[in-house]
Amino acid sequence: MARALRLAEQGLTTTTPNPRVGCVIAHGDTLVGEGWHERAGQAHAEVIALRQAGIQARGATAYVTLEPCSHHGRTPPCADALIAAGIGRVVAAMRDPNPDVAGEGLQRLAEAGIEIAEGLMSAEAEALNTGFISRMTRGRPWVRLKVATTLDGKTALNNGVSQWITGPAARADGHAWRARACAVLTGYGTIREDDPQLTVRDAPCSRQPLKVVVDARLETPLDARLLDGLPVLIAAAVGNPERIAALRARNAEVVILPNAAGKVDLEALFTELARRGINEVHVEAGFKLNGSLLREGCVDELLIYQAPMLVGDAAQGAFNLAEMSSLAHARRLDIFDVRQVGADLRLRARFRPDQGR
C-alpha cells in the first residue's frame with residue numbers, strides 16, 4: 001500500500017477534478033502490476049495495473065489507495081475490471097466519499113466472491129485527497145491559506161514593500177503548493193499592489209490552476225498581468241455590464257455573488273468552485289481578505305513561511321482580525337508539520353475540531 005500511495009502522488013498536480021489514486025497488484029511479495037491515475041478521462045490506476053499484470057492478475061491481491069469505482073463516468077467501473085481479471089483479493093486504503101460509489105464498489109467485489117479489506121494506511125490516503133473528500137462530503141473545496149511573514153508576524157513594510165521576505169527555496173516550495181491546487185485565489189488589493197501572475201513557475205506543473213480574484217466592485221485593471229493568457233474567474237458583488245464585457249474580452253469570467261453587506265459572499269464562492277470540480281484552493285491574498293476568510297470560517301489549513309528577520313510593529317500583519325480583550329476568544333490551531341526550507345521555516349496548521357472551520 002505504501003508503494004500504491006507513492007504512485008498516487010505522481011498525480012498530485014494532474015488528476016483534478018478526480019482523486020489521486022495508485023494501485024499495486026501482487027502475488028505475496030511479488031509485484032506483477034502497478035499504475036496510477038494521471039488525468040480525468042484517462043485510465044484509472046486499477047486498469048493500468050491490470051494491463052501490466054495481464055494473466056498474472058488472476059488470484060492476485062490488488063492494493064488500491066481508494067475504493068474502486070462502481071459507476072460509469074468518463075471510464076467504465078474499475079470494480080468490474082477487477083472482477084473480470086480474476087483478482088482474488090482487494091485491499092482499499094479508504095472508501096470513496098463520492099456518493100455515486102460510497103461502498104458500492106467494495107460491495108460489488110464482495111458479491112463477486114472477491115475477498116475485501118479496507119483501512120490500511122487510511123490516514124495517508126485521506127491526506128492525499130483532502131480536497132476531493134472535502135468537495136464530496138461538504139460541498140466545498142479544501143482551502144489552504146498561504147502567508148509569508150517575518151518572525152514578528154509581518155507580511156510587508158508599511159509602504160507595501162514585501163519582495164522578498166522569504167528566500168528562493170521557500171518561494172519555490174510555495175509554487176509547488178500552487179501546482180497541487182485546482183485554483184489559486186487572491187483579492188483585488190493584491191492585484192492593485194503587486195500585479196501578480198498567479199501562475200506556477202518555480203515548480204514542475206503540466207497544467208495551470210484556475211486563477212480566482214475576489215473583486216467586489218470589478219476594479220481589476222484590464223492590463224493586469226493575471227489576465228494575460230489563461231482563464232480567470234472574478235467574483236464580484238455588483239453587476240456592471242460594460243465592465244463585465246471588457247473583462248470578458250480579456251479572457252475573464254465574472255460571477256456576481258453579493259452578500260448582505262455588499263461584498264462578495266465567500267461561502268457562496270467556494271460552493272460555486274466546488275460545483276466546477278475544484279478540490280483544493282490555494283489562497284495568496286492580503287491581510288484584509290485573509291481576515292475575511294478566517295472570520296467567515298472559510299479556511300481549513302494555514303501554510304505559513306517565516307523568514308528570520310524582524311521589521312517592527314509598524315509593518316503590515318498577516319490577518320485583519322478584530323482586537324480581542326481575552327485570550328479565551330482566540331481560535332486555537334494544531335501545528336502538524338514544521339520544517340526548514342532554505343533559510344526559512346514552514347509551518348502547517350489546522351484549526352482544532354472544537355474551533356470550527
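Author: Start with a term. A salt bridge is a side-chain nitrogen of Lys or Arg within 4 Å of a carboxyl oxygen of Asp or Glu. Keep in mind that this is a predicted model.

Reader: How many salt bridges does that rule give here?

Author: The count comes to 27 salt bridges. One of them pairs Arg-3 with Glu-34, with 2.7 Å between the closest N and O atoms. The two residues belong to distant parts of the chain, 31 residues apart: Arg-3 is in helix H1 and Glu-34 in strand S2 (residues 30-36).

Reader: What does the secondary structure of the chain come to?

Author: It comes to 11 helices and 16 strands.

Reader: What about overall dimensions?

Author: Along its principal axes, the C-alpha trace spans about 65 × 45 × 35 Å.

Reader: Into which domains is the chain divided?

Author: There are two entries to note: domain 1 covers 1-131 and domain 2 covers 139-351. Their C-alpha centres lie 34 Å apart.

Reader: How should I read the interface of the domains?

Author: The size of an interface is often given as the accessible area lost when the parts come together. In this model, domain 1 and domain 2 bury about 990 Å² between them, and 43% of that is on carbon and sulfur atoms. On the side of domain 1, the residues that lose the most area to domain 2 are Thr-13, Thr-130 and Gly-131, together 48% of what that side buries. Counted by contacts, 12 residues of domain 1 touch 12 residues of domain 2.

Reader: How many salt bridges and polar contacts does the rule find across this interface?

Author: For salt bridges, the rule finds 1 across the interface. Arg-20 and Glu-280 meet through their side chains in a salt bridge, at 2.8 Å from N to O. For polar contacts, the number is 5 residue pairs. Helix H5 (122-128) and helix H6 (130-138) are the elements that give two or more residues to the side of domain 1 that touches domain 2. The residues of that side divide into 4 nonpolar, 6 polar and 2 charged.

Notes
Residues numbered from 1 in each chain as written. Predicted model: local features only at pLDDT ≥ 70, side-chain atom pairs only at ≥ 80, totals over all residues. Heavy atoms only, no water. Domains from an automatic or database assignment. Contact = heavy atoms within 4.5 Å. Buried area = accessible area lost by both parts, 1.4 Å probe. Polar contact = N/O pair within 3.5 Å; in protein donor to acceptor, adjacent residues only side chain to side chain. Helix = DSSP H or I, 4+ residues; strand = E, 2+ residues; numbered from the N terminus. Nonpolar A, V, L, I, M, F, W, Y, C, P; charged D, E, K, R; others polar.
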